[in-house]
Amino acid sequence: MQGILYEEPSIWQFFFVTCLLGGWAAWMTGRACAQTWRPQLALFFYLLGLGLAVRFIHHALFNGTMFSLQYYGVDTIILMVLGFLGYRYTRTNQMVTQYGWLYEKASPLSWRSKDQAQ
């Protein structure tokens, strides 16, 4: 997988920077967008910028390629998945907490109307 998903000599460097540091930042960005009732399009653009920041960390710490479309795409896709999961998880909790008479939790990432419940 080296050379396709990551360029570092160890997958642990990729996991630490992209999944752990970048993933945490993406989750918190999604959470912040949901808490402030921003649309998902705003989150999309925030995560594109976060993808650049993650590429910079790869470049600064591990002499990775700063401007590689392939690795930027891989990093950004991972950040998008985690960021939108954080957004949806937070929005679900918001909806069932603030509109408890209308909605109930159907799963950790979705809610449903109470009249549709069986």
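Contact here means heavy atoms within 4.5 Å.

**View 1. Overall chain of the predicted model.** Three helices and two strands make up the chain. Their order from the N terminus is α-α-α-β-β. Among contacts between residues at least 6 apart in sequence, 59% join residues at least 24 apart.

**View 2. Dimensions of the C-alpha trace.** The trace spans about 55 × 25 × 20 Å along its principal axes. The radius of gyration of the chain is 17 Å, whereas a compact globule of 118 residues would have one near 13 Å.

**View 3. The nonpolar surface patch.** Eight side chains are drawn here: Trp24, Trp27, Met28, Ile77, Val81, Leu85, Tyr89 and Leu109. Together they make a patch of about 730 Å². Helix H1 (11-35) and helix H3 (69-98) are the elements that each give two or more residues to this patch. H3 supplies the largest share, four residues.

**View 4. Leu85, a patch residue in helix H3.** Leu85 has 32% relative accessibility, so it counts as partly exposed. Partly exposed covers the range between under 20% (buried) and over 50% (exposed). Leaving aside neighbours within four places in sequence, Leu85 is in contact with Trp27 and Leu109. Both partners also belong to the nonpolar patch.

**View 5. Leu85 and Trp37.** These residues are 48 apart in sequence. Their C-alpha atoms lie 15 Å apart in space.

Conventions
Residues numbered from 1 in each chain as written. Predicted model: local features only at pLDDT ≥ 70, side-chain atom pairs only at ≥ 80, totals over all residues. Heavy atoms only, no water. Patch = residues over 30% accessible without salt bridge, like charges linked within 9 Å, V, L, I, M, F, W, Y side chains within 5 Å. Areas by Shrake-Rupley, 256 points an atom, 1.4 Å probe, with all protein chains shown as cover. Salt bridge = Lys/Arg side-chain N within 4 Å of Asp/Glu carboxyl O. Buried < 20%, exposed > 50% of the residue type's maximum accessible area, 1.4 Å probe, protein only. Rg over C-alpha atoms; globule rule 2.2 N^0.38 Å.
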